[in-house]
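User: I'd like to learn how to read a few features of a protein model, one at a time. Could you start with burial and then move on?

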Amino acid sequence: MENRAEMPSLAEINKCARERFAGRRGSCAGVFFVIWLIRAVLVFGVGIVAIPFMRAGGISRDAMFLLVLFGELCTATLGIESLLFSLHVYRAEALTVGDYLAGIGQALGRKLRGILWLCLLLLLWALPLLAPMGAYVFFGLRSVDAAFQMTALRVLLFMPLVFYAVAFIRGHAYAMQPFILRDCPKVPVRESLKLSARMMKGRKSALFALLLSLLGWWLLALLPTLLATFWPPMRPMRTLCGIATNIVACSFVLPKTAITLAGFYDALKRVLIASGVVSVAEFGPSPEYMLEEQAQESDCQAEEQQ
């Protein structure tokens, strides 16, 4: 079938995202500040309460790790909900911070399953590299050779970087999955990963270029933390610099990034449906705006046939 729709340029998506964000700056910042506060309570609050018990022997390190992991998973579900909010903002649909808070508890199990399946899939992609590294660390730490042990520790520290690198590269294929989870509630969790991979086929470089266009804003947000880390006169102000980074990120960089990605997803979804690569039925019940567009397109086709 001939492609009747063209993907907007990255400059057009960025421009539209800036305009939408400018009109809803307060509510967008409010949503991401809510996520930041809840994450602080879940992760750091759990750590502050649990560390004394761990030191007293009342709680094991494994239990502590699981509590922190639970907090991070809950934060990730909040992030998925924020993507739905960003999608509404990009589509110029009415939605408030209260609506966002009301939607946090909706389909919570579905969001958690989606995150776990995505992490498992990325881990499987990284396994061919992580498995030999893990074996080297396992035998190295049990060796009596001090040099072998030191090398094993270095490999152990390098393993998370390997996973993050694989997750970043392969994660482009599944970048649309969080949007699908909330925008298309009838799509099964595992199917959302396959649908995202189909949507991103041949589009990964475009998404990478889009993310690269936002790199400058991220470096600006991280500037206080980078100064406090690498410039000795700023190290006593490390806490204040960290707070400044979070404020800049929540008030501008995170909302701008989320709305821009939402625009990429929205434009890509329209183009793929119009070109017949993906059918409307695969996304489940269509939002009203897409039903209206399909009705208009049908009318135009009927007029052309006449």
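Analyst: A residue is buried under 20% relative accessible area, exposed over 50%, and partly exposed in between, using a 1.4 Å probe and protein chains only. Keep in mind that this is a predicted model, where local features need pLDDT of at least 70, side-chain atom pairs count only at pLDDT 80 or more, and totals for chains, interfaces and linings use all residues. Residues are numbered from 1 along each chain as its sequence is written, and side-chain values use heavy atoms, with hydrogens and water left out. Here, K269 has a relative accessible area of 1%, so K269 is buried. Of the chain's 306 residues, 38% count as buried.

User: How many salt bridges does a search of the whole structure find?

Analyst: A salt bridge needs a side-chain nitrogen of Lys or Arg within 4 Å of a carboxyl oxygen of Asp or Glu. The search finds 5 of them. One joins R91 and D183, whose closest N and O atoms are 3.2 Å apart. R91 sits in the loop between α3 (61–90) and α4 (97–103) while D183 is in helix α7 (177–183), so this pair ties together parts 92 residues apart in sequence. Both R91 and D183 are buried.

User: Which salt bridge do D183 and K269 form, and why does it tie parts together?

Analyst: Their side chains meet at 2.9 Å, N to O. Because D183 lies in helix α7 and K269 in helix α11, the pair links parts that are 86 residues apart in sequence.

User: What about R270 and D266?

Analyst: They form a salt bridge too, with the closest N and O atoms 3.0 Å apart. An α-helix has 3.6 residues a turn, so residues three or four places apart point the same way. R270 and D266 are 4 residues apart in helix α11, which means about one helical turn separates them. D266 is buried at 3% relative accessibility, whereas R270 is partly exposed at 26%. Through shared partners, salt bridges join R91, D183, D266, K269 and R270 into one network.

User: Which residues form the nonpolar patch on the surface?

Analyst: Patch members have over 30% relative accessible area and no salt bridge; like charges are joined within 9 Å, and nonpolar side chains (Val, Leu, Ile, Met, Phe, Trp, Tyr) within 5 Å. Areas come from the Shrake-Rupley method with a 1.4 Å probe, and for residues only the protein chains shown count as cover. The members are F168, I169, F208, L212, L215, L219, L222, L226 and F230, with about 890 Å² of accessible area together. Helix α10 gives the most, with 5 residues. L226 is in α10, and its 36% relative accessibility makes L226 partly exposed.

Technical notes: Helices (H or I, at least four residues) and strands (E, at least two) are DSSP runs, numbered from the N terminus.
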